[in-house]
Amino acid sequence: MRSQRTFRVTAYLSVLVVLVASAVAGRSVAQASGQEPRPVYVAPTGEAADPGVVRDGQDYYAFMTGGLARVARADNPRGPWQSMPNALSRWGEWASGQGAVWAPDAVRTSAGWVLYYAAQAEGFAGQRCIGTAVADQPGGPYEPAATPLVCPILGGEDPAADRPDQTSGVIDPSPFQDEDGTRYLLYKTQKTPGTIRMFPLSQDGLHGRGEASHELVRHSDSIENPVMVRRDGHYFLFAAANWYDQCRYSTVWRRSADLWSFADKDEHVLLDQAGTGLCGPGGADVVTGGGGPDRIFLHAWVCSAGNEPCRFTGVVTDPNRRRVVYAAVLSWGADGITPQVPAFLPPA
């Protein structure tokens, strides 16, 4: 009969072998360890999609697609998350008031808390533009500006020149501040091919700097939900590739030493259905700094009352489908510059 210690060592080595083999095979540690990802936030009604997450002290705020910008708050990424009133006090004067806000995100500047949001523009055939709104508190209420910031037809400060389709809108705004304090806004242009652009902002984050936006990446299928991170002299562009209503929707990344040069950089998959067991793990946002560990928040499709991942390989057609939010550890590999997700956070 083997000793208990021998058994523990053998068991440990067995698990280690499985994890290493799984990593080599492209599977995530979370999947290999048998710890299936579970959502940390499920909206009480509707769905929770495209989380734009900010940290203010010990509190986290997640801004999500829906209504006048859905918001939830927690003092831990695991939750429990508490739903709050919509972030926007009303529609901006430029908006049609139809549909819902898409993929909002916020940042604190000298103007206070600034919310960026995409909404249908008046007289734009249902297409969206990007507006701004300001609040004293991260959860709002945010008072919208009268004119859009990025809009192809309504005289926005960034006309999104040289786009592949001038009749389409702009969505998925994501603020970024470089180490020298310079601010930018990343966003997606609609239709195919999808592109990611970046627009230089004023220090208060409410206006442009008199410069046009520039294209960072173009995708033959679709690419959206951009997020920029600076680390160890490199820029990391995270995005969601493929179509949002399919299980093959995934989170990808590129690395560059030049803020404006990503088109010729290799695209790497960070999270997909094969590696996580989730259906369409995308719409991600990254929270770094602030004295806490790096985290990544994302949504994926579930198709049951028990929040089990949808089991499709293509378009998710289940009438019970809805998107929920997951939180995970974001690490940077042995070299410090290779994004990895070693584990998902269990819900509180």
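Reader: In β16, which residue is the bridge partner of Val252?

Author: In this predicted model, strand β15 spans residues 250-256 and pairs with strand β16, residues 268-271, in the antiparallel sense over three bridges. Within that pairing, the bridge partner of Val252 is Val269.

Reader: Which residue of β15 is the bridge partner of Phe236?

Author: Strand β14, residues 234-241, pairs with β15 in the antiparallel sense over seven bridges. For Phe236, the bridge partner in β15 is Arg255.

Reader: How many of the seven residues of β15 are buried?

Author: A residue counts as buried when its relative accessible area is under 20%. Strand β15 is mostly covered, and its buried residues number six.

Reader: Is the disulfide of Cys247 and Cys279 left-handed or right-handed?

Author: The sulfur atoms of Cys247 and Cys279 are joined at an S to S distance of 1.9 Å. This pair links distant parts of the chain, with Cys247 in the loop between β14 and β15 and Cys279 in strand β17, 32 residues apart. Because the torsion about the S-S bond is about -95 degrees, the disulfide is left-handed.

Reader: Is Cys279 buried or exposed?

Author: The cut-off for a buried residue is a relative accessible area under 20%. Cys279 has a relative accessible area of 0%, and therefore it is buried.

Reader: What is the pairing of the bonded cysteines, numbered in sequence order?

Author: The structure holds three disulfides. One joins Cys129 to Cys151, another joins Cys247 to Cys279, and Cys303 and Cys310 form a further one. With the bonded cysteines numbered in sequence order, the pairing is 1-2, 3-4, 5-6.

Notes: Residues are numbered from 1 along each chain as its sequence is written. This is a predicted model: local features need pLDDT of at least 70, side-chain atom pairs count only at pLDDT 80 or more; totals for chains, interfaces and linings use all residues. Side-chain values use heavy atoms; hydrogens and water are left out. Buried means under 20% relative accessible area, exposed over 50%, partly exposed in between (1.4 Å probe, protein chains only). Helices (H or I, at least four residues) and strands (E, at least two) are DSSP runs, numbered from the N terminus. Two strands pair if DSSP finds at least two bridges between them. A disulfide is a pair of cysteine sulfur atoms within 2.5 Å.
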